[in-house]
Amino acid sequence: MNVKFLTRTAVLLAITLIFQFLKMPQLITGSIVNAMLLIAAGTVGMWSGVIIGLLTPVIAFLVGIIGFPLMIPFIMVGNGLYVILFSTQKNKVIGMIVGAVVKFIWLALSVKYIIQLFNVKVPLKIVQAFTFPQLITALIGGIVALIITAFLQNYFKTAKEG
């Protein structure tokens, strides 16, 4: 890791956290967080997106966005899958779509079946939040990220970096 990686990851994490602290509706916050994961991956590197994806659910819990802490590790895995599938696919549109679908499937299976294997009753509100809306926010965030990343990559190519 170098200073540029750490600095850019920290800045992107800070921007992501600002949006989380605003506590907007899930559609907006989730879309922005997903966008930031892919913007980090697309401009800084896969591990930047993964790091942000691991930290955001913990911080979301600490600020009261996630009221069901058992979901935190499942969200972390979902975010990691989203970023890794996006990053490892040469065609970023396909990578984003595949990542969004896999994240959605993972979170839906987690909330509907995996957690319940441990005799935990998951509230209906949580089940609803971690199923179909996850696909929508990942796709919206992914589209936004593809647009912003294209602009940022062009900027980074032309900007003089010291």
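Q: Hi! What sits over the ring of Phe86?
A: The charged end of Lys92 does, 5.1 Å from the ring centre. A charge counts as over a ring if NZ of Lys or CZ of Arg is within 6 Å of the ring centre and within 35 degrees of the ring normal. Bear in mind that this is a predicted model, where local features need pLDDT of at least 70, side-chain atom pairs count only at pLDDT 80 or more, and totals for chains, interfaces and linings use all residues. Residues are numbered from 1 along each chain as its sequence is written, and side-chain values use heavy atoms, with hydrogens and water left out.

Q: Thanks! How many aromatic pairs are there?
A: The count is one aromatic pair. Rings of Phe, Tyr and Trp (its six-membered ring) pair if their centres lie within 6.5 Å; planes under 30 degrees apart are stacked, over 60 edge-to-face and the rest tilted. Here Phe74 and Trp106 have ring centres 5.9 Å apart and planes at 35°, so the pair is tilted.

Q: And where do Phe74 and Trp106 lie?
A: Phe74 is in helix H4 (residues 72–88) and Trp106 in helix H5 (residues 92–114), so the pair ties together parts 32 residues apart in sequence. Helices (H or I, at least four residues) and strands (E, at least two) are DSSP runs, numbered from the N terminus.

Q: Is Phe74 buried or exposed?
A: Phe74 is buried, at 14% relative accessible area, while Trp106 is partly exposed at 23%. Buried means under 20%, exposed over 50%, and partly exposed in between (1.4 Å probe, protein chains only).

Q: Switching to the whole chain, how many helices and strands does it have?
A: Seven helices and zero strands.

Q: What is the radius of gyration?
A: It is 16 Å for the chain, close to the 15 Å from the globule rule for 162 residues, so the chain is as compact as a globular protein of that length. The radius is taken over C-alpha atoms, and the rule is 2.2 Å times the number of residues to the power 0.38. Along its principal axes, the C-alpha trace spans about 55 × 30 × 30 Å.

Q: What share of the residues is buried?
A: Buried residues make up 42% of the 162 in the chain.

Q: One more: where is Ile140, and is it buried or partly exposed?
A: Ile140 is in helix H7, and at 34% relative accessibility it counts as partly exposed.
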